[in-house]
Amino acid sequence: MMMSRGYTRLASSMFTMVSPRFFSTAATRGVLSNDMVKAPAVGLGVRCRSSMAAIGGGDKEKEKKQAVGGGGGSAKDDKEIVSYWGLDPTKVSKEDGSPWKWTCFRPWDTYRADLSIDLKKHHAAVTVLDKMAYWTVKSLRWPTDLFFQRRYGCRAMMLETVAAVPGMVGGMLLHCKSLRRFEHSGGWIKALLEEAENERMHLMTFMEVSDPRWYERALVFSVQGVFFNAYFLGYIISPKFAHRVVGYLEEEAIHSYTEFLKELDNGNIENVPAPPIAIDYWRLSPNSTLRDVVLAVRADEAHHRDVNHFASDIHYQGRQLKEAPAPLGYH
């Protein structure tokens, strides 16, 4: 009999410990009998006490939920993410004091595009590896021209879904290399990730002025999957080849956006007002148009061209990227 009671108490202690993580509060209360609840919960760890504190702090969570949701909102607003970890959203304001409405980037991430950059610079392909990179990019342009033709809005979106991949892949591989070798990267991890984020912001901008069709969205899945893995392998085998490919891709991007501007100037594409996200990201004037956005994006691509050709040149000289300071914040 004594052993039976001992097993019961042990079982109740283990159940009390586990139940907050695997069962709802109501279900736990319903399953536990009065005799089991009276049994002491021995061996509650710190994390288990934390979970029990979350269950007991229902009123506080409700107050925080109302604060986050704003109160009086729709059913969707009532389902805002609530946590007792204290990670409340930070309130950010613009320079004029008005609230900042973007969560994908903050005021300190914004900048004015350098439109004075030389758009005609070109790296002449001399070595065999450079010629391979050049003609690889040229061969990719033909199916792109055939598919999109003069639809430059959708073309820009497709271009950015691909252009945002190399910086992320390169930054990730350099990050892993830095961890393996216990060494600094010279700032190149951050520089490449900045490039990837900047390209992604181009995509977020063009999503506001163009709506891709279903088959174009499907094409993004296939192209991104193939390009990610191909660039990943290419970067592992030859970083100088990989960066040279991106340099030539950016040169083609400059050409594409130049054609985009011609279509806007000829009236073939409506010069609509600039999306609010573009106005805040590039610090454009409130009355800016799509043409101003394309100018800013083209300038960004020219900067990415310079960075990747420069990275390839470093490798061609038998050096490592960490030996040359990365061009952080080069816009």
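**Cavities in a predicted model**

Helix H7 supplies four residues to the lining of the second largest cavity, the most of any contributor. The model is predicted.

**Exercise 1.** Find which elements give two or more residues to the lining of the second largest cavity, and sort that lining by class.

Solution. 
- Step 1. List the lining: Tyr 152, Arg 155, Ala 156, Leu 159, Ser 256, Tyr 257 and Phe 260.
- Step 2. Assign elements: helix H7 (152–181) and helix H10 (239–265) each give two or more residues.
- Step 3. Sort by class: five residues are nonpolar, one is polar and one is charged. Arg counts as charged and Tyr as nonpolar.

**Exercise 2.** State how many cavities of 30 Å³ or more the model has, and give the volume of the largest cavity.

Solution. 
- Step 1. The count at this cut-off is two.
- Step 2. The largest cavity has a volume of about 100 Å³.

**Exercise 3.** Determine which residues line the largest cavity and which element gives the largest share.

Solution. 
- Step 1. The lining consists of Ala 191, Glu 194, Glu 195, His 304, Val 307, Pro 327, Leu 328, Gly 329, Tyr 330 and His 331.
- Step 2. Two or more of these residues come from each of helix H8 (188–206) and helix H12 (290–316).
- Step 3. H8 has the largest share, with three residues.
- Step 4. By class, the lining has five nonpolar, three polar and two charged residues. Gly is placed among the polar residues and Glu among the charged ones.

Technical notes: Residues are numbered from 1 along each chain as its sequence is written. This is a predicted model: local features need pLDDT of at least 70, side-chain atom pairs count only at pLDDT 80 or more; totals for chains, interfaces and linings use all residues. Side-chain values use heavy atoms; hydrogens and water are left out. On a 1 Å grid over the protein atoms alone, a cavity is a set of points where a 1.4 Å probe fits but cannot get out, and a pocket is an open set with protein on both sides within 12 Å along at least five of seven lines; lining residues have an atom within 4 Å of a point. Grid points are joined across faces, edges and corners, and a volume is the space filled by probe spheres set on the points.
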